[in-house]
Amino acid sequence: MRADDPADAGAAAGQRGFLGKLGSRLGGQRAETPLPGLHMREAVLLLRNYEDSGRGWFWSTDAGGALTYISEAVAEVMDKRAADLLGTPLTDLFHPADSHGERQRTLPFLLTRQSKFDELPLRAAIDGEERWWSVSGRPHFDAAGQFTGYRGSGTDVTAQRRSAEDASRLALYDSLTGLANRFHISKKLESTLAAFTQQQRSCAIMLLDLDRFKQVNDTLGHPAGDALLKQVAERLLKIVGDKEMVSRLGGDEFQIILPDQDDRGKLGDLAAEIIANLSQPYSVEGSRCIIGTSVGVAIAPFDGMTSEDLVRNADLALYAAKGGGRGRFRFYSSDLHQAAEDRRALEEDLRDALARGQMELSYQPVVHSQSNMVTGVEALVRWLHPERGIISPSMFIPIAEEANLIWPLGEWVLRKACEDAARWPGGLRVAVNVSPIQFANENLPKIVANALAATGLSPDRLELEITESVFLGDSAETARMFKALKGLGVRLALDDFGTGYSSLGYLQSAPFDKIKIDQSFVRGATEKGSRNAAIIAAIVALAEALDMETTAEGIESLDQLDLIRKLGVSHVQGYVYSKPVADGELVEHAEAGSWTIKPSGPAKQRNDRFQMFRKVGAVHGNHRYAVVIRNLSATGAFIEGLLDVPVGTQFVIDFGEGQLVTATVRRSTKHQQGIEFEHSLVSDGNGGLCTRHRVSPYLIAAANQQIETTMTLPAFTTTNDWKAA
């Protein structure tokens, strides 16, 4: 800006006064004392050079806050001329306080108070660009002490601010996925729980651990693993929605915070959605990858009041979910501590179980759906523990996989099944499950060949059941394994089809002889509004087009069987025909010639019932009775312990840990009652059931305090007291 420019005469006058004042300060004199002309010119040149360098700029206002001087460099940045800005409020140079949550909201207040300020960070009001200035100002007064305006300076701190934001982002966010990191989510959880505790609000967390992620790193390399983690993060954000509540803790572990959520029905649905979504195939660097995830859930204040307790218990639930077979969720419960100890003890016992002869096989018939004739059986391994009795494979197989015991166990099952089948009259096939760990071992074909040779079993009578999880990618190793197994002459069955990993692509190349439809489709197929029947029909049509058989698993009711037959499924496996039988019983049926089984079971599908011996409380009025649950379903239970209870009586069943549900007696015979729940139970993620909601510890504490101060519950002695109650 030139002082001799007629258009800028007013600005030049302001500049001379302002720069003269600054020049006087450079000379170390009082502001009121003018400098000699030579010194003045030198000071002006120095300040102009400073402005022209772009390192800083100057400004001044009148008493009303309107600009009387502004450096030309700043005006150019704002795509204006300095003269155009004179007379406008200083505050117009910056974004208003409500458009950005920064300290600039204090600027109008400071100007009104006529206070000095230093290095105030303000965001420039420039459309389409984020630019930050550090602004300082001093109020100016005349000789009479009257306020005349401000004079100040500013510097561009955009680069420094971006650098600080990048550093902050690195400190708070995961550099790979952009999600919150462990430190950030830990602080957020601590602050959330601290606030929610005072407000008596709930907060759930989920811990996720990816299944089979290590195989991606080992097979495709770490860059592919990193790309996969980014896709996982994107899917999680799409499901959860709030980026600040999703974090990557490190490796393949993730955490989600869900404020004000304690509905275990909704949490279970969300966990199931996450598992299903993350289990869908990924495309990474041209390769198709399939992983899964397991989820542990803990809810404050029920499962912990502090972040440390809540995370520890969610981690324990996650450990239980992975131990239960992976690809599932689990809610925390206090008995998981004992379950973890039991699991460690089982792992030690499992190491010697084979050598001690504690393993045995049973065989579940596979029946032709139209003729009711048994065409084959599936070999199922059971562990006869000397102290715990029969232990389900769903419990010890995951332990065997983690403890590297699956190979000797799997080889024993294969050889034993072939040995038994070779002695059976007729030509019944035997199906043996092959875990993904076994399938990935290049020695599998050799072991199968040795088992066939040692027992003399015809290869076409052996069927290897392989789950979809073996299809980590369309790799050459997978193709070679299929070719080697088919080269032996054995049959291959695709097990658990439709559990989340399904893809039509590998059915075109993998030489399967049979598709086994997962029982989750079957169990919901007869429900009103279910689309499962259409899905099953599509699977059958696909199998027929590829010249494959189909087997529906888990058929238990006659209406399920009727639907399966109508849909054209060729084979059926389930309790509607037979439970697993011992080798001796199988031989007896086979010796009689053709083995035909007449289907039997409930007419309609009903809720799963869990046999158990569980002590709970039954509250009626002011009395609490100890009863035993003999079986449990989502809608009711069968209890023992009360005598001659009238039908229609209502109880509150106390399952413990704040789990209360209102129930009505629908059937009563002496000391046994059938009760119906007012609200259905929900899945606990581990094959069991739990209440949707729990009574808050805050309410329990308040209720206990009220009871202690107002009344004492009367004691009862025998079940005969019920009649008086």
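Let's start with an open sheet of 5 strands, ordered 2-1-5-4-3 and paired in the antiparallel sense. Its edges are strand 2 (67–70) and strand 3 (117–123), each of which pairs on one side only. From one strand to the next, the twist averages 25°. Please keep in mind that this is a predicted model.

**Inside the antiparallel sheet**

- Strand 1 (residues 57–61) and strand 5 (residues 147–156) run antiparallel and are joined by 4 bridges.
- To find this pairing in the viewer, look for phenylalanine 58, whose bridge partner in strand 5 is serine 153.

**Aromatic residues**

- The count of aromatic pairs comes to 13.
- One of them is the stacked pair of tryptophan 59 and phenylalanine 117, with 6.4 Å centre to centre and 10° between the planes.
- Because tryptophan 59 lies in strand 1 and phenylalanine 117 in strand 3, this pair ties together parts that are 58 residues apart in sequence.
- Both tryptophan 59 and phenylalanine 117 are buried.
- Phenylalanine 147 and tyrosine 150 make an edge-to-face pair, because their ring planes stand at 75°, over the 60 degrees required, and their centres are 5.8 Å apart.
- Phenylalanine 147 is buried, and tyrosine 150 is buried as well.
- These residues come together in one aromatic cluster, formed by Trp59, Phe117, Phe141, Phe147 and Tyr150.

**Helix 9 against helix 10**

- Helix 9 (residues 222–240) and helix 10 (residues 264–278) have axes that come within 10 Å and cross at roughly 145°.
- Their crossing is right-handed.
- On the helix 9 side, the contact is made by Val232, Arg235, Leu236 and Ile239, and on the helix 10 side by Leu270, Glu273, Ile274, Asn277 and Leu278.
- Sorted by class, this contact has 6 nonpolar, 1 polar and 2 charged residues.

- Strand 17 (residues 462–467) is mostly covered, with 6 of its 6 residues buried.
- Leu462, Leu464 and Ile466 point one way from the strand, while Glu463, Glu465 and Thr467 point the other way, and all are buried.

Methods. Residues are numbered from 1 along each chain as its sequence is written. This is a predicted model: local features need pLDDT of at least 70, side-chain atom pairs count only at pLDDT 80 or more; totals for chains, interfaces and linings use all residues. Side-chain values use heavy atoms; hydrogens and water are left out. Buried means under 20% relative accessible area, exposed over 50%, partly exposed in between (1.4 Å probe, protein chains only). Helices (H or I, at least four residues) and strands (E, at least two) are DSSP runs, numbered from the N terminus. Axes are lines fitted to C-alpha atoms, for helices over the stretch in contact, and angles run from 0 to 180 degrees between N-to-C directions. A crossing is left-handed if the near helix is turned anticlockwise from the far one by less than a right angle, and right-handed if clockwise. Contact means heavy atoms within 4.5 Å. Ala, Val, Leu, Ile, Met, Phe, Trp, Tyr, Cys and Pro count as nonpolar, Asp, Glu, Lys and Arg as charged, and the others, Gly among them, as polar. Two strands pair if DSSP finds at least two bridges between them. Rings of Phe, Tyr and Trp (its six-membered ring) pair if their centres lie within 6.5 Å; planes under 30 degrees apart count as stacked, over 60 as edge-to-face and the rest as tilted.
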